Amino acid sequence: ERYRRLVETAPDAIYTLSITDGTITGMNPACELITGYAPAEMIGRNYTDFIHPDDVPTATGVFQGILQGGQSFSYELRIMTKFGGYAVVEFITIPQTEGGEMVGMLGIARNITERKRAEEERSRLQAAVAESALEWQMTFDAIESPVLILDAKGRITKLNCAAKELAGCGEAELVGRTIDSL
């Protein structure tokens with residue numbers, strides 16, 4: 001009873017699958033938070049019914065891998081929601097054994113859609129910053145007059161190509177020096 005309450009109140013979806021054909025044999029209420037489907041709407045159906053078509057080969061590969069090797073897997077799939085969209089879900093699936101024999105699969109699923117969106121946005125922003133920095137450097141170096149950027153103490157922190165050419169040495173020899181020391 002104690003474990004049943006734990007499973008029923010867990011924030012992540014907990015499920016069991018038949019090893020015969022991948023039928024969903026058990027699902028806790030948290031699955032509804034991820035998919036919009038109540039457990040009763042999922043139990044008795046094949047797990048692939050809820051997976052994005054492009055992710056089915058990965059899902060079936062994991063299923064077969066567990067059947068053949070009896071080991072656990074961690075993976076991500078896009079899961080169809082009741083409302084027609086897809087949620088990105090992280091899964092951990094392990095063999096369920098009784099008396100040393102595999103009798104099913106047990107898994108935990110966590111919705112990571114927002115985390116994935118944040119990671120994609122961070123990557124997009126990092127690429128935009130890198131592109132802007134490159135454009136700035138190209139513009140800075142294209143200025144025909146010597147330009148120096150100094151810190152608050154008057155030390156050179158950056159110089160353009162024209163300034164390097166005028167000084168007759170590279171940036172490494174000039175950065176950190178003051179104008180007076182030139």
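How exposed is Arg115, by relative accessible area? Arg115 is partly exposed, at 41% (buried is under 20% relative accessible area, exposed over 50%, partly exposed in between, with a 1.4 Å probe and protein chains only).

Before the points, a word on the model. This is a predicted model, where local features need pLDDT of at least 70 and side-chain atom pairs count only at pLDDT 80 or more, while totals for chains, interfaces and linings use all residues. Residues are numbered from 1 along each chain as its sequence is written, and side-chain values use heavy atoms, with hydrogens and water left out.

1. Arg115 pairs with Glu90 in a salt bridge, with 3.5 Å between the closest N and O atoms (the cut-off is a side-chain nitrogen of Lys or Arg within 4 Å of a carboxyl oxygen of Asp or Glu). Glu90 sits in strand E4 and Arg115 in helix H5 (residues 113–142), so this pair ties together parts 25 residues apart in sequence. Helices (H or I, at least four residues) and strands (E, at least two) are DSSP runs, numbered from the N terminus. Glu90 is partly exposed, at 24%.

2. That pair belongs to a salt-bridge network linking Glu76, Glu90, Arg115, Lys116 and Glu119. A search of the whole structure turns up 13 salt bridges.

3. Also in helix H5, Arg117 and Glu114 are three residues apart, about one helical turn. Their salt bridge has its closest N and O atoms 2.6 Å apart. Arg117 is partly exposed at 48%, whereas Glu114 is exposed at 54%.

4. Lys164 and Glu171 form another salt bridge, 3.3 Å from N to O. Glu171 is partly exposed, at 26%.
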